[in-house]
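Q: I am new to this structure and would like to learn how to read it. Please take the features one at a time, with the general idea before the case.

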Amino acid sequence: MNQERLMQVLLAPIVSEKSTFIAEKYEQVAFRVMQCATKPEIKAAVELLFKVEVEGVRVINRKGKSKRTGRGMGRRSNARFAYVALKKGQEIHFDEEVK
């Protein structure tokens, strides 16, 4: 796979109560990913960037909500999230500096 593309697949980690609970209980990490990203691309990107072994990837597509802005209607953008299951003993720490 193209390494330039893999570097752009992951947009941001999701840090919330739910993602922290999932990370502790199921050894999964949540990421916000590009709309056109596929499961194999997400797996390859996580393995490339964080040097960990990935067991599986689950993807969620969230439709943007319609919101009222003044007199008109607006719309939030759609989002795509990936829950990445790591193999036993693997961890990703976001507080460490990348070298």
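A: Start with strand pairing: two strands pair if DSSP finds at least two bridges between them. Helices (H or I, at least four residues) and strands (E, at least two) are DSSP runs, numbered from the N terminus. The model is predicted, so local features need pLDDT of at least 70 and side-chain atom pairs pLDDT 80 or more, while totals for chains, interfaces and linings use all residues. Residues are numbered from 1 along each chain as its sequence is written, and side-chain values use heavy atoms, leaving out hydrogens and water.

Q: How many bridges join strand E4 to strand E5?

A: Four bridges join E4 (residues 66-69) to E5 (residues 72-75), and the two strands run antiparallel. Lys67 stands opposite Gly74 in E5. The two strands form a hairpin with two residues between them, and Gly70 in the turn has a positive phi of about 65°.

Q: Which residues other than glycine have a positive phi?

A: Most residues other than glycine have a negative phi. Two cases can be shown here. Glu27 has a phi near 55° and sits in the loop between helix H2 (17-26) and E2. Lys51 also has a phi near 55°, and its place is the loop between H3 and E3. For accessibility, buried means under 20% relative accessible area, exposed over 50%, and partly exposed in between (1.4 Å probe, protein chains only). Glu27 is partly exposed at 29%, and Lys51 is exposed at 66%.

Q: Which residues touch the most other members of the largest nonpolar core?

A: In soluble globular proteins, nonpolar side chains tend to be buried together. A nonpolar core is a set of buried Ala, Val, Leu, Ile, Met, Phe, Trp, Tyr and Cys residues joined through side-chain atoms within 4.5 Å. The largest one here has 19 residues, and Phe31, Ile42 and Val46 touch the most other members. At least two residues come from each of helix H1 (3-9), strand E2 (28-33), helix H3 (39-50), strand E3 (54-62) and strand E6 (79-86). H3 gives the largest share, four residues.

Q: What does Ile42 touch, apart from residues up to four places away in sequence?

A: Contact means heavy atoms within 4.5 Å. With those sequence neighbours set aside, Ile42 touches Val9, Leu10, Val33, Ala37, Val57, Val59, Ala82 and Val84.

Q: Where does Ile92 lie, and is Ile92 buried or exposed?

A: Ile92 is in the segment after E6, and its relative accessible area of 13% makes it buried. Ile92 and Val29 are 63 residues apart in sequence, yet 7.8 Å apart in space, C-alpha to C-alpha. Beyond residues up to four places away in sequence, Ile92 touches Val29, Phe31, Val46, Phe50, Val52 and Leu86.

Q: How many salt bridges does a search of the whole structure find?

A: Side chains of opposite charge can pair when their charged atoms come close. A salt bridge is a side-chain nitrogen of Lys or Arg within 4 Å of a carboxyl oxygen of Asp or Glu. The search finds two. In one, Arg5 pairs with Glu41, with the closest N and O atoms 3.0 Å apart. Arg5 is in helix H1 and Glu41 in helix H3, 36 residues apart. Arg5 is partly exposed at 24%, whereas Glu41 is buried at 14%. Glu53 and Lys87 also form a salt bridge, with the closest N and O atoms 3.7 Å apart.
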